[in-house]
Amino acid sequence: MHLELVAIVVEEYDAAIEFFVRILGFDLVEDTPSLTNDGRPKRWVVVRPPAATTGILLARADGDRQRGAVGDQVAGRVGFFLRVADFAGMYRRMVTAGVEFVTEPRTEPYGQVAVFLDISGNRWDLLGPLDPAPA
């Protein structure tokens, strides 16, 4: 068994796709017209990091309750973790693209980390390997 998808509630599909695909480098796996349970139009939008098996369903907020969750899906905590091989390169790419980092990069026992906000304001850890040991 594996975890196939997690949902992130977003304000608008196209801006979220732009963020995840252009800025983070995810693949757009699917963008298909669909219907809500009561027959209103929506889209089934899935993005996924290259070569990953778990994707993110970008779910447009529907109603006041869901709009209230946009950007606060895990009550202000870091709820998503993006591990990359080239931490410094990805950090520079994201800063250049205007991604808001709420912490400076630092080294922890589990690797390099910096907290950033996604298009909706959710907190993510950008994670990288430990710095090589000094020579």
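Biologist: How many salt bridges does the rule find across the interface of domain 1 and domain 2?
Modeller: This is a predicted model. A salt bridge needs a side-chain nitrogen of Lys or Arg within 4 Å of a carboxyl oxygen of Asp or Glu. Across the interface of domain 1 and domain 2, the number found is zero.

Biologist: How many residue pairs are in polar contact across that interface?
Modeller: Here the pair is N or O atoms within 3.5 Å. Both residues must also be at pLDDT 80 or more. Between domain 1 and domain 2, the residue pairs that qualify number four.

Biologist: Which element gives the most to the side of domain 1 that touches domain 2?
Modeller: β1 (5-10) and α1 (13-23) each supply at least two residues of that side. With seven residues, the element that gives the most is α1.

Biologist: How do the residues of that side divide into nonpolar, polar and charged?
Modeller: Domain 1 covers 1-70, and domain 2 covers 73-134. The contact takes 19 residues from domain 1 and 15 residues from domain 2. On the domain 1 side, the division is two charged, one polar and 16 nonpolar.

Biologist: What area is buried between the two domains?
Modeller: The centres of domain 1 and domain 2 are 21 Å apart, taken over C-alpha atoms. Carbon and sulfur atoms give 69% of the buried area. The area itself is about 1200 Å².

Biologist: Which residues in domain 1 lose the most area to domain 2?
Modeller: Together they account for 40% of what the domain 1 side buries. They are Phe-19, Ile-23 and Leu-24.

Terms used: Residues are numbered from 1 along each chain as its sequence is written. This is a predicted model: local features need pLDDT of at least 70, side-chain atom pairs count only at pLDDT 80 or more; totals for chains, interfaces and linings use all residues. Side-chain values use heavy atoms; hydrogens and water are left out. Domain bounds come from an automatic or database domain assignment. Contact means heavy atoms within 4.5 Å. Buried area is the accessible area (1.4 Å probe) that two parts lose on being put together, summed over both. A polar contact is a pair of N or O atoms within 3.5 Å; within protein, one must be able to donate a hydrogen and the other to accept it, and residues adjacent in sequence count only if both atoms are side-chain atoms. Helices (H or I, at least four residues) and strands (E, at least two) are DSSP runs, numbered from the N terminus. Ala, Val, Leu, Ile, Met, Phe, Trp, Tyr, Cys and Pro count as nonpolar, Asp, Glu, Lys and Arg as charged, and the others, Gly among them, as polar.
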